[in-house]
Amino acid sequence: MATRKNFSIVAGPLSRSNPITTQVLGICSALAVTVKVDTALVMSGALIFVLVGSNTIVSALRNLIPSRVRIIVMLTVIATLVIVIDQLLKAFLYDISKQLSIFVGLIITNCIVLGRAEAFALKNSMRESALDGLGNAMGYGLILLLVAAARELFGSGSLLGLQIVPDFLYAGQGGWYVNNGLMLLAPGAFIILGLLIWLQRTVTGYREE
Amino acid sequence: MEPHFGEGGKWSRLAPLYEMVDTLFYVPGTVTSTAPHIRDTIDMKRSMFTVIVALMPALLFGIYNTGYQADPGAGIMQNVRTGFFAVLPLILVSYIAGGLCELLFAIIRRHDINEGFLVTGLLLPMTLPPDIPLWMVAAGISFGVVIGKEVTGGTGYNVFNPALVARAFIFFAYPGEMSGDSVWSLADELTAATPLAVASSVQGTNAATLVSSAGYSIKEMFVGLIPGSVGGTSTMAILAGAVILIATRIANWRIMAGSLAGMVAAAFLANTLAPASQNTMLSLSPLHHLVMGGFAFGVVFMATDPVSASQTDKGRWIYGILIGALCVMIRVLNQAFVEGIMLAILLGNTFAPMIDYFVLRQNIAKRQKAYARQ
């Protein structure tokens with residue numbers, strides 16, 4: 001039900017305990033798929049599917065999994081879901097799935113997924129685990145979209161493929177503006193991510209021990 | 001006047017601004033109250049001012065050279081005038097844009113505006129091509145001040161040289177305006193390749209021959225009448241600055257000497273490998289490396305930045321050698337980045353604290369051994 005506790009399970013990972021900016025997990029894909037907003041959007045969708053699915057299934061099985069082999073079981077569940085979403089993307093969003101290339105497959109190794117299964121789903125009810133998966137995946141997606149929007153806007157002058165910076169501003173067409181090439185490189189994502197973390201920690205006052 | 005800016009005064013938030021003007025014109029009235037006491041009138045402001053003075057020969061020559069590259073036949077006065085009106089806006093924009101960022105952080109964080117910025121704001125335009133759009137200078141210096149310095153806590157805590165961070169940002173963000181043959185001269189129809197670009201332009205031909213057949217003699221490159229960044233072409237003028245810095249002990253000579261040694265050693269190593277390789281940049285002599293590109297400028301003015309360099313004497317040697325050798329390696333082996341000194345110094349900055357750490361550890365171990373023998 002929409003209780004206060006359930007709400008905080010979903011909303012917490014959006015800011016206070018965000019998997020990327022606070023726990024600094026899932027950085028690899030955050031750097032790799034954020035050159036354009038559309039790839040980041042699809043990647044976030046894929047992660048929501050996998051994380052909600054894996055948290056629910058692991059939580060359903062939590063009393064059956066022997067704790068010695070729990071990592072293998074959890075990885076099997078996650079890998080299955082990742083393969084399903086990878087095949088779905090190949091079937092229905094072929095172009096974007098080509099751009100995402102290996103990074104959908106690499107969701108298997110995304111620390112957020114295994115981390116939530118281990119830290120939350122093994123100890124909590126199915127409903128709460130599903131909500132926790134949703135919250136964390138959305139927290140991941142939110143940061144991905146922010147980074148991707150900044151990189152696409154400054155790096156390519158567009159958002160979701162739509163030209164934002166007007167043509168006449170560009171050097172070579174009478175203007176002076178030049179797209180920022182650094183934003184297309186991985187260090188650009190590092191810098192944007194760093195600035196986001198800076199902003200968030202200034203606002204929330206969170207400190208690393 | 002002062003009470004307004006003091007604690008509780010009506011302009012207390014603008015105190016950094018007052019402090020800046022006050023100490024620039026008057027020697028501060030405060031004396032050091034805690035140990036150690038150093039009996040000297042020098043403070044950050046005087047030492048940074050010395051660096052500005054040391055930069056003057058290179059800057060003045062750069063102004064002349066900028067005009068000279070635009071129109072070699074126009075005569076000295078005309079060249080100086082052209083150069084002056086091309087270089088002055090770069091410096092002004094750099095100071096204003098960077099100064100605003102600096103002021104913003106000084107007010108928010110309530111610290112004083114730091115004199116180091118006077119050097120950073122002048123160093124950046126001197127490493128840029130004279131033709132660069134002004135808004136890129138503004139973007140670059142803001143990035144350098146904020147990301148290169150303020151995020152890690154401001155002056156004294158910066159890992160990298162802020163001016164180099166700014167230059168690296170412009171270099172990677174807007175490569176079209178920072179490299180190639182058409183950016184180094186003000187005149188649009190003139191394309192002028194820098195000697196380093198010439199040397200790596202044709203594969204399979206001796207690099208030194210390419211440079212001299214393009215009309216660049218060693219002597220000309222030493223004097224500095226060649227296309228290049230505003231302040232970095234003249235090894236001669238930079239040497240004059242180096243003499244000032246070393247004589248006043250503002251910069252440490254060990255870093256410069258180490259860089260020179262590292263560069264010579266790496267260049268000789270490259271020369272011995274040259275016959276076995278297709279890469280003709282390998283055959284460039286140490287003398288070429290010294291006078292071409294920004295090696296001299298970087299080593300004298302940027303590698304010696306006291307904050308981002310190593311702090312121990314032995315560490316300074318290692319740090320210098322590392323930078324010199326890396327510079328040659330990047331120039332010779334990675335021809336996507338013709339100018340290696342910027343990346344070499346940034347890498348050197350990265351390793352500087354680690355070098356210090358090991359020098360200290362080694363010293364401690366040595367002393368412990370000596371103690372145990374007693």
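**Figure 1. The interface between chain A and chain B.** In this predicted model, 11 residues of chain A are in contact (heavy atoms within 4.5 Å) with 12 residues of chain B. The area buried between chain A and chain B is about 890 Å², with 78% of it coming from carbon and sulfur atoms; buried area is the accessible area, taken with a 1.4 Å probe, that two parts lose on being put together, summed over both. Val178(A), Leu182(A) and Trp198(A) supply 48% of the area that chain A buries against chain B, more than any other three residues.

**Figure 2. Polar features of the interface between chain A and chain B.** The count of salt bridges between chain A and chain B is 0, a salt bridge being a side-chain nitrogen of Lys or Arg within 4 Å of a carboxyl oxygen of Asp or Glu. Across the same interface, 2 residue pairs are in polar contact, both at pLDDT 80 or more. A polar contact is a pair of N or O atoms within 3.5 Å; within protein, one atom must be able to donate a hydrogen and the other to accept it, and residues adjacent in sequence count only if both atoms are side-chain atoms. By class, the side of chain A that touches chain B has 8 nonpolar, 3 polar and no charged residues. Here Ala, Val, Leu, Ile, Met, Phe, Trp, Tyr, Cys and Pro count as nonpolar, Asp, Glu, Lys and Arg as charged, and the others, Gly among them, as polar.

**Figure 3. The fold of chain A.** Chain A has 9 helices and 2 strands, which follow the pattern α-α-α-α-α-α-α-α-β-β-α along the sequence. Helices (H or I, at least four residues) and strands (E, at least two) are DSSP runs, numbered from the N terminus. The radius of gyration of chain A is 19 Å, close to the 17 Å that the globule rule gives for 209 residues, so chain A is as compact as a globular protein of that length. This radius is taken over C-alpha atoms, and the globule rule is 2.2 Å times the number of residues to the power 0.38. Buried residues make up 44% of the 209 residues in chain A; buried means under 20% relative accessible area, exposed over 50%, and partly exposed in between (1.4 Å probe, protein chains only).

**Figure 4. The surroundings of Ile192(A).** Ile192(A) belongs to helix α9 (residues 186-204) of chain A and is buried, with a relative accessible area of 12%. Not counting residues up to four places away in sequence, Ile192(A) touches Val147(A), Ala150(A), Arg151(A) and Met183(A). Leu146(A) lies 46 residues from Ile192(A) along the chain, and their C-alpha atoms are separated by 8.8 Å.

Figure 5. Chain B contains 17 helices and 0 strands, and 49% of its 374 residues count as buried. Within helix α3 (residues 44-70) of chain B lies Asn65(B), which is buried at a relative accessible area of 3%. The side chains of Asn65(B) and Thr233(B) are joined by a polar contact of 3.4 Å. Leaving aside neighbours within four places in sequence, Asn65(B) is in contact with Gly224(B), Leu225(B), Ile226(B) and Thr233(B).

**Notes to all figures.** Residues are numbered from 1 along each chain as its sequence is written, and chains are lettered from A and ligands numbered from 1 in the order in which they are written. Local features need pLDDT of at least 70, side-chain atom pairs count only at pLDDT 80 or more, and totals for chains, interfaces and linings use all residues, while side-chain values use heavy atoms, with hydrogens and water left out.
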